[in-house]
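Hi,

Here is the structure I said I would pass on to you.

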Amino acid sequence: MTFARLALAGAVAFALSAPLATTGAQAEQTTLRITLQLPIKSHIGQNLLDFKKDVEARSGGEISVEIYDSAQLYKDSEIPNAVASGAIEMGTASSSRFVGDVPAIDIFYVPFMFNTEDLVRKATAPGSTVRAPLDAAVLETGARVLWWQAYGGSVVLSNGGPIKSPADLKNKKVRVYGKTLGKWIEAAGGAPTLISGSEQYMAYQRGTVDIGMSGASGVRSRRLWDVMDTMTMTNSADTEFVVIINEKFWQGLSEQHRAWISESGLKVEKEVRDAMSSIEQAAVAEAEAAGMTVYYPTDEEIATWSASVQPVVDDYLANSGELGKKVYEGALALRD
């Protein structure tokens, strides 16, 4: 963390330790500070702005929201601990960043497990056989899940042509954003490199990796077409962001404030989920307009990709415990 970011984070932590102000006749005031590593112009950032607008209006100004975007305070990998420890009230991070405490959450990065919109919707619905046990496990870390933010399917980025099969990954350095995706790259003979979303532009520009993985919307918000010229639409993993709030802070809120926050969170969760398809389509169109080649794998190529997945499934089940087995069985049940 740079000195400037450390200083800013310290200032926020100091502010959090101060008692919240009250105005008017017994009016309770709650300030929510939210950290994210994506630019505010990303659809994840815009979703937080929608939450801010809705909860401030819903509460009549009793709840105010401050958003710190673009990793001003914390990198993606730092956010789960920052929120769980109480250093900041709220944050949003990709689900893969919770794997250290909840290995089972990487079910979303088991390739081709949720490769259709219908399966994604079923898996991420509040109370589903996949999401409910994961939300409960995250709560045990000291942070409560408020809502999930759709980020879209995973695409593969490259220069000089598309990545058509696992054989194209052999002996290549590949940017990944989750342990399970890394296992997939290893099974294909590649060398996975875990790189934060906020650092991938420089990684591609400097040649730290040869190939990248991202969501199509991330290609757009980060202008990755400046450093990669081809996007292969594998849709191999479902990328989700998880919005969390410190549990101790949550329990200190009034019942009414918790209700307002929950209602606003569920509202904007549905909005971003419903908009995801059009967001991805717009991102792909903008990438093409910027000169990027977009390649759609054939059915035969997808079959070849899918055939490479079993070692990843085996590894996931071996390392995610009873919760992983439960979530995996819940995911399979969604296909029935």
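Predicted model: local features only at pLDDT ≥ 70, side-chain atom pairs only at ≥ 80, totals over all residues.

Now the inside. The largest nonpolar core has 54 residues. Which of them have the most contacts inside it? They are Ile 107, Phe 108, Phe 114, Val 130 and Leu 134. Strand E4 gives the most to this core, with 4 residues. Another core, of 23 residues, lies apart from it and includes Leu 32, Val 55, Trp 260 and Val 268. As background, nonpolar side chains in soluble globular proteins tend to be buried together.

Setting aside neighbours within four places in sequence, Phe 114 touches Ile 107, Phe 108, Leu 119, Val 120, Ala 123, Val 130, Asp 238, Ala 331, Leu 334 and Arg 335. Phe 114 also belongs to one aromatic cluster with Phe 108 and Trp 148.

On to the rings. There are 7 aromatic pairs in the whole structure. In one of them, the ring centres of Phe 51 and Trp 147 are 4.7 Å apart and the planes sit at 40°, so the pair counts as tilted. Phe 51 is in helix H2 (residues 43-58) and Trp 147 in strand E4 (residues 143-158), so this pair links parts of the chain 96 residues apart. Phe 51 counts as buried because its relative accessibility is 0%, and Trp 147 is buried too, with a relative accessible area of 0%.

Phe 108 and Trp 148 make another tilted pair, 5.3 Å centre to centre with 55° between the planes. Here the loop between E3 and H4, which holds Phe 108, is linked to strand E4, which holds Trp 148, across 40 residues. Phe 108 is buried at 1% relative accessibility, and Trp 148 is buried with a relative accessible area of 1%.

Finally, the charged pairs: the structure holds 20 salt bridges. Asp 76 and Arg 97 form one of them, at 3.1 Å from N to O. That pair links distant parts of the chain, 21 residues apart: Asp 76 is in the loop between strand E2 (63-68) and helix H3 (79-84), and Arg 97 in the loop between strand E3 (90-94) and helix H4 (117-124). Asp 76 and Arg 97 are both buried.

Arg 273 and Glu 240 form a salt bridge as well, with the closest N and O atoms 2.8 Å apart. Arg 273 lies in helix H10 (residues 255-289) and Glu 240 in strand E9 (residues 238-246), so the bridge ties together parts 33 residues apart in sequence. Both Arg 273 and Glu 240 are buried. Elsewhere, salt bridges with shared partners join Asp 54, Arg 58, Glu 263, Lys 267 and Glu 271 into one network.

Cheers

Note on methods: Residues numbered from 1 in each chain as written. Heavy atoms only, no water. Salt bridge = Lys/Arg side-chain N within 4 Å of Asp/Glu carboxyl O. Helix = DSSP H or I, 4+ residues; strand = E, 2+ residues; numbered from the N terminus. Buried < 20%, exposed > 50% of the residue type's maximum accessible area, 1.4 Å probe, protein only. Phe/Tyr/Trp six-rings, centres within 6.5 Å; stacked < 30°, edge-to-face > 60°. Core = buried A, V, L, I, M, F, W, Y, C linked by side-chain atoms within 4.5 Å. Contact = heavy atoms within 4.5 Å.
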